[in-house]
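User: Please walk me through this structure. I want to learn how to read its features.

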Amino acid sequence: MEAFTTHTGRAVPLRRSNVDTDQIIPAHWLKKVTRDGFEDGLFEAWRKDPEFVLNRPEYAGATVLVAGPDFGTGSSREHAVWALQNFGFKAVISSRFADIFRGNSLKNGLLTVVLEQPVVDALWAIAESDPTAEIAVDLEQRQVRATSPDGATLTADFELDENARWRLLNGLDDISLTLQNEADIAAYEAARPSFKPRTITA
Amino acid sequence: MGRTLAEKVWDDHVVRRAEGEPDLLFIDLHLLHEVTSPQAFDGLRMSDRKVRRLDLTIATEDHNTPTLDIDKPIADPVSRVQLETLRKNCADFGVRLHPLGDVEQGVVHVVGPQLGLTQPGTTVVCGDSHTSTHGAFGALAFGIGTSQVEHVLATQTLPLARPRTMAITVEGELPAEVTAKDLILAIIARIGTGGGQGYILEYRGSAIEKLSMEARMTICNMSIEAGARAGMIAPDETTFTYLKGRDHAPEGADWDAAVAYWRTLRTDDDAVFDAEVFIDAAELAPFVTWGTNPGQGAPLSANVPDPASYEDASERHAAERALEYMGLTAGQALRDIRVDTVFVGSCTNGRIEDLRSAASLLDGRKVADGVRMLVVPGSVRVALQAVEEGLDKVFTAAGAEWRHAGCSMCLGMNPDQLAPGERSASTSNRNFEGRQGKGGRTHLVSPQVAAATAVLGHLASPADLSDTDAGARTPAGAR
């Protein structure tokens with residue numbers, strides 16, 4: 001996994017709630033058997049509308065997505081995270097993320113930042129009034145920083161549990177970490193009751 | 001202090017617990033399908049890792065599989081490659097696979113329970129959010145992403161932070177026309193698509209205890225639609241009776257030991273849930289969705305809501321967008337909404353009881369002119385059972401299409417899709433924009449409402465059907 005420390009980039013204001021994973025990447029894209037090449041499928045239906053925010057030239061190259069509540073609901077498809085990353089996003093900000101989407105994003109180094117809706121509103125206002133404004137997403141300080149059009153500084157702290165933060169900051173591979181506990185896994189397996197189901201008989 | 005059902009199952013699977021770290025949980029059963037596994041197998045190859053526990057892993061093909069002409073090569077080359085990739089991966093790594101054409105093939109969440117692999121007190125995962133279905137057995141079951149699929153393949157464990165617990169207590173008698181699907185749609189409308197976020201739900205109360213295993217699966221299946229990764233129901237005699245004698249159910253002394261353990265899997269009287277919701281079963285009615293997320297639903301007798309009636313700005317905006325996408329007008333009666341297609345199937349409502357309840361209403365009636373009805377059994381076993389009972393003939397006599405097993409129109413990864421602007425009444429689980437086909441409009445309904453809707457051509461409940469709809473009913477003996 002790619003490590004995440006601090007990212008500074010321009011933001012796209014996506015004023016929609018309940019952005020489900022079928023919108024992020026429609027099912028027909030899920031037939032691919034790779035982790036890349038999903039960028040053209042990102043928000044595919046909405047991008048047919050020339051007025052859709054991602055199509056507007058002033059937001060081209062933006063790397064931080066600021067979305068409404070309940071982002072990433074629905075399917076467990078990790079392709080949604082890959083599509084956002086393939087397109088160029090490094091971080092997504094919302095007041096609430098669906099659990100599976102959030103887990104998937106943190107496993108891939110896409111930082112999902114939870115901020116209160118009034119802060120999201122303020123970030124929308126900044127990105128809409130000045131599309132060149134940059135937002136800093138700082139995982140070391142667990143802080144988002146931006147400058148309002150009136151020159152005021154917006155600083156908002158966010159929470160992320162220490163373990164997840166450590167894995168992200170160091171870009172650690174979960175499987176290798178788990179396999180360090182091989183003895184614990186083997187001990188658990190040895191003590192499992194015989195009535196537990198098996199798919200094949202050894 | 002006592003523990004909840006979820007906490008008991010969780011505690012029994014902790015491989016390692018350390019301060020400041022997520023718990024490392026052992027996974028009893030890992031279900032695989034073609035869509036979310038290819039990149040995970042690639043990951044194993046790149047790291048030169050094997051599947052740790054082939055005896056706890058099983059695969060089937062469901063999302064891409066066609067429901068017509070299954071003896072011919074799959075027409076869509078991309079779908080074909082994905083299925084061939086699963087077959088190669090399973091062969092290379094030694095995973096048990098039930099491919100298209102196999103008698104045990106079907107929607108992964110229908111296959112696990114019918115084989116008896118889904119058991120109380122187990123942990124079940126799959127790269128599919130509707131893995132919550134298996135919670136109906138008192139299993140802790142949840143969907144995972146592809147990185148976690150690779151993690152489970154390699155280690156048979158997952159590092160996970162322990163969720164909070166929420167009790168959803170449903171007391172009383174469900175009215176005659178109200179099914180498990182109506183109940184779960186009403187629950188989601190009540191707590192919202194994010195209401196269960198961060199929780200494991202436990203459905204309990206007298207109305208839940210009376211439900212069959214299949215109805216319980218319908219409820220747990222849609223826990224994810226309320227934002228909860230997992231939903232559970234305590235195992236009881238209904239659960240044990242369902243499991244007894246199935247292929248992978250324990251036998252002899254193992255059965256007795258298992259049942260003794262399973263009986264302990266009840267929330268203790270003095271356990272405390274982090275949140276509680278109470279529902280009066282008697283107040284429920286047939287329920288349908290009008291919008292583009294599963295929380296946007298209402299009783300069938302209601303009207304399409306006015307977005308202006310929402311105080312919350314983001315809900316109001318979402319309702320406005322939904323009405324525009326769905327082509328509906330505020331105040332319009334839900335019963336007046338005409339549909340083009342009716343879909344009966346999916347991991348939510350593709351089991352034998354669902355097919356029986358739809359068939360019982362279609363028996364002797366006809367699907368309305370201009371309405372296309374697809375009936376897609378959840379598995380080959382369900383299809384065989386339905387044929388044995390003559391349900392396939394009831395469906396085809398009514399003018400419905402009887403298809404082969406798979407996920408089908410629930411998500412339209414195979415050719416079964418809605419055309420742009422086409423409207424469906426669907427027994428599946430998601431009414432997202434374009435879910436059943438680009439530009440398609442979905443109303444989520446129960447199998448009974450689906451059948452009544454097919455006959456009348458507009459959203460309807462069984463009570464709306466008159467005896468005159470039933471021309472020449474098939475004599476009971478012919479079934």
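Analyst: We take the features in turn, from the overall fold to single residues.
This is a predicted model: local features need pLDDT of at least 70, side-chain atom pairs count only at pLDDT 80 or more, and totals for chains, interfaces and linings use all residues. Residues are numbered from 1 along each chain as its sequence is written, with chains lettered from A in the order in which they are written.

User: What radius of gyration does chain B have?

Analyst: The radius is taken over C-alpha atoms, and the globule rule is 2.2 Å times the number of residues to the power 0.38. For 479 residues, a compact globule would come out near 23 Å, and chain B has 22 Å, which agrees. Along the principal axes, the C-alpha atoms of chain B fill a box of roughly 60 × 55 × 50 Å.

User: How many residues of chain B, in percent, count as buried?

Analyst: Buried means 20 or more other C-beta atoms within 10 Å of a residue's own; exposed means 12 or fewer, and partly exposed lies in between, with C-beta atoms placed from the backbone. In chain B, 60% of the 479 residues count as buried.

User: How many helices and strands does chain B have?

Analyst: Both are DSSP runs numbered from the N terminus: helices are H or I with at least four residues, strands are E with at least two. Chain B has 16 helices and 19 strands.
Now take one pair of strands. Strands pair if DSSP finds at least two bridges between them. Strand 6 (residues 123–126) and strand 7 of chain B run parallel, joined by 4 bridges. Val124(B) stands opposite Ala141(B) of strand 7. Strand 7 (residues 140–143) is covered on both faces: Leu140(B) and Phe142(B) are buried on one side, Ala141(B) and Gly143(B) on the other.

User: Which domains make up chain B?

Analyst: Bounds come from an automatic or database domain assignment. Chain B divides into domain 1 (5–275) and domain 2 (288–478). Their C-alpha centres lie 25 Å apart.
Contacts come next. Two residues are in contact if their C-beta atoms, placed from the backbone, lie within 7 Å. By that test, 36 residues of domain 1 of chain B are in contact with 37 residues of domain 2 of chain B. On the domain 1 side, the largest share, 5 residues, comes from helix 6 of chain B.

User: How many residues of chain A are in contact with chain B?

Analyst: The count is 51 residues of chain A against 67 residues of chain B. Helix 3 of chain A gives the largest share of the chain A side, 6 residues. For classes, Ala, Val, Leu, Ile, Met, Phe, Trp, Tyr, Cys and Pro are nonpolar, Asp, Glu, Lys and Arg are charged, and the others, Gly among them, are polar. The chain A side has 17 nonpolar, 18 polar and 16 charged residues.

User: Where does UniProt place the feature "binding site"?

Analyst: UniProt positions use the numbering here, feature names are shortened, and annotations may be inferred rather than shown by experiment. The unreviewed UniProt entry places "binding site" at Cys347(B), Cys407(B) and Cys410(B). These are spread over 64 residues of sequence, yet their largest C-alpha distance is 8.8 Å.

User: Why does Cys407(B) count as buried?

Analyst: Cys407(B) is buried because 32 other C-beta atoms lie within 10 Å. Cys407(B) sits in the loop between strand 17 (401–402) and strand 18 (423–426) of chain B. Leaving aside neighbours within four places in sequence, its contacts include Asp62(B), His63(B) and Met413(B). Cys410(B) counts as buried too, with 29 C-beta neighbours inside 10 Å.
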